[in-house]
Amino acid sequence: MAVFIVRRSIGLIAVLFAITVLTFLIFFATPGVDPTRALAGRNPTPETVAAIKHQFGLDRSLPVQYLLMMKRLFISRDLVSYGNQALKVVPAITSAAPVTFSLVLGAAVIWVVFAILTGVLAVILKGTIFDPLLMILALIGISMPVFWLGEVANLVTQDRLHNTFLFHWVPPLGYTPLTSNPWQWFLHLVIPWITLSVLYIGFYARVLRANLLDVENEDYVRTARAKGLSERRVLLKHMLRTSLITFVSLFGLDFGVLVGGGALLTEVVFGLPGVGKLTYDSLVKLDLPVIMATVIYGAFFITIANALVDIVYARLDPRIRPA
Amino acid sequence: MSVDGGTPLVEVDSLKKYFPIRKGLLSREVARVHAVDDVTFSVREGETLGLVGESGCGKSTLGRTIVRLLDPTSGDVKFRGRSIAKLGRRGLRPLRREMQIVFQDPYASLNPRKRVGSIIAAPLQIHGVGDRDERKKQVRALLATVGLSPEHYNRFPHEFSGGQRQRIGVARALALRPKLIVADEPVSALDVSIQSQMLNLLDDLQEEFQLTYIFIAHDLGVVRHVSDRIAVMYLGKLVELSPAEELYERPIMPYTEALLSAVPIPDPDLSDQRERIVLQGDVPSPINPPSGCRFHPRCRYMTDICVQVEPPLVDYGNGHLAACHHPLNVDKETLDRARVSERHTPAAADEHAKPEDPSGASQPVPTPDIQRSSVVRRIVDYSKRPEEQT
Amino acid sequence: MIQQGGGALGIGEIPIGPTWQTNYFIGADAQGRDVMARVLYGGRASLEIGIGSALICCGIALVLALLAGFFRGPIDALLSRLMDLIWAFPVYLLAISLATVLLTKPNGLQWGFVHVDPSSLWVPTAIIALVYVPYVFRPVRGQVLSVREKEYVEAAIAQGASNGRLMFGEILPNVITTVIVMLPLMIATTVLTESALSFLSIGVQPPKASWGTIIDDGQSLLYTRPWVAIAPGIMIVLTVLSLNVLGDGVRDALDPRAKLRMRG
């Protein structure tokens, strides 16, 4: 086990290193791309450009640039934004991360609960009209662009039906930290949570249903039925338990992706100042250091989360533990 | 060698094929599978050599190495006297016309996405034989040759039964008119009722096209009818090589004896009379093969020398070779005349360890109920072909 | 027929949809452009990018998977590690990175003979194709690895077939179904991705429009002219929904055991 963890960690460090190199190359070494353009303003004189280049170390050779950048990002943590020199990149990300985390965590709770309900219900109602109906609904959920759904939700809750009893409680777009006012935190996030979870409810419900139908023909399920167990016990104790393995592994991946920056669109639509919003705001200003830092943050988060999932898995399931 | 009379078409010389087992970050080689371990024999033009052994003994690997689907680890394969072991892809191309292989699994050996016509025409196309129409004509003729209808040209493999698929495989192998066909268990995946049809077809084709066969099988029942000579392999080693009839009459190696006892006899009385030798234990791992004689952990005549010394291949006359310290069915006279065959004996074996006591008779027999006489009687039974036994 | 910019409009006369006129069926946007016409024209760009990038993506992934799975060894190691690396990035963030960089060059990119204009539809197409390559590469490579061991491939080697013939004549026909099964679902995914990138204003560049850019435009008009944002969204939902249904059907018909995973 220890050997496995060590080996996985070495692989992890290699991947993390590769991620920083690739990201750096994308941003600062793509042929024909000049990272200083956004900085120097319109029609800059060559002197201005040179001065700016020198200030950000962009007149050095590429490996030196890379090392400088990584040093400022990870060691001295004083990498500043191109646009706003007072904005330090690393603290900006660490202060935005809790917002993203709040958003994803709540959505995850909703999507897990409703996906299991929908999936199990579809299997129970198999053979009736409700099973295909639920699956079509799930498919519609998968087919909706999340940012569009968010806008429609805004339209309804902020404007059209805001003054009715239904949605008068919805606060204006924005965010309140959990530590300052838990109730407001909750109210601000309800609509974003639901919006973000719709896609995943649809997807997970379909996966779960397919899995449940797969295991239905397994011998151990037939044995359980033959033993005379009640349908409910068979479904919950025998079928659902095995099907949840896929479910849980997918969940680990998706949760990682969302916290790593995949919730960007939802954050933008609802004005939540998370990591995704930070990326988006820098995007508008073409503020390369910030974007690079958020991309590295996202990729790091996902990679490390995956490695942790692998290790936990190996701990739980000896079959996949490599010799 | 007097026994290798006719022109040898294929000479296999000290052939070894090891598969490395790699592990760890740097893919270090931690062990090797000794699939074929120093095997020497030759195949004469026009003959059929049966190659027999349990699954995992390396017989398929040997067959694939001979037609150079695998690269030998060391040793040499000569085709018509020319070494082909080191030839590259380009050098092998002309040779591909001369030697072909028929596979065991008629389901896996035909590309499910290609039509029968293009499967059989592929070798012609690769070697640029004829134009489109010419090839089509040849393929139809080939289909007829192997007993299929030319109308099958445009069908897909899944539309055929196992036996028909195997016929397609044979037609494909025949397309280039090769001299040598390695048949890798061509009937073992077929129903018993189909097996004899297939064997007859191969027999007819041998005559019609003057083919040389290396016929791989895992039991001695099948090869008996088609083989001129039979080679028995155990864990990568050649343990017995003999003219076919003699092997059935007079097996020398205890392993061959055990294989023979597994051949079914159609007559229940005769079947009851004979004793079935059930080999104990599994085939040992070819990664770390047993010392001395590789068969010793499962051999009922095993003594100390078997553990320590690898037996040489001894020529008992009439082209009958066997590697055993305690040969069966050999009288004193024959044993005196027998000479260690330097050509066939693996380098690792001790050439001075020629057996001195015949028939293993002086050795204690581990299982008390087995008498030597019963072994002799069994052998008489084998000397009759099944049809004679009824 | 619905035509772009049909009819002249004065200030205060910009219709808010939906109406029952053929012009301005669902109203006009802030600049007086017919939303319905823009949605239809935008749909062309969305579909072109979606289908184009899915095809390019599957093509690249197929060729790379064939090379990796067939030659194995260092080529496979290199390609697989590269794919793992791309896989490690969240799809949107990688697309954003690439798009941002390309957009920082106002006059387009000049690589040798290839000139790419930043407003060209090829920019989002190429970016979207690239980020999804690992998602197709992985399952196809696995299949190539297993097909390569089949006896019919050995038979072809025994006949003296060239590597190209083995890859494209023997192996390709047996893995292409996987790609065909994935294609409709890939298009569904790429259409969604395109709309997201355009919504973030790093996809299709003005004056060209796609469903994503129209939703982006509609964001500021949401409470006054909701149809500007709603209509293209409905188009996306319908398109992606039908592609998903089609994909399910194709999968059931060709490959009932295939389990496909798309992250978005």
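**Note on the interfaces of chain C**

1. Between chain B and chain C, 14 residue pairs are in polar contact, both residues at pLDDT 80 or more; a polar contact is a pair of N or O atoms within 3.5 Å, where within protein one must be able to donate a hydrogen and the other to accept it, and residues adjacent in sequence count only if both atoms are side-chain atoms. On the chain B side, α2 (89-96), β6 (99-102) and α3 (116-126) each give two or more residues, and α3(B) has the largest share, four residues. Helices (H or I, at least four residues) and strands (E, at least two) are DSSP runs, numbered from the N terminus.

2. This is a predicted model, in which local features need pLDDT of at least 70 and side-chain atom pairs count only at pLDDT 80 or more, while totals for chains, interfaces and linings use all residues. Residues are numbered from 1 along each chain as its sequence is written, chains are lettered from A and ligands numbered from 1 in the order in which they are written, and side-chain values use heavy atoms, without hydrogens and water.

3. Three salt bridges are found across the interface of chain B and chain C (a side-chain nitrogen of Lys or Arg within 4 Å of a carboxyl oxygen of Asp or Glu). One of them joins Lys114(B) to Glu170(C), with the closest N and O atoms 2.7 Å apart.

4. For chain A and chain C the rule gives one salt bridge, between Arg206(A) and Asp248(C) at 2.6 Å, N to O. Six residue pairs are in polar contact there, both at pLDDT 80 or more. α7(A) gives the most to the chain A side, nine residues.
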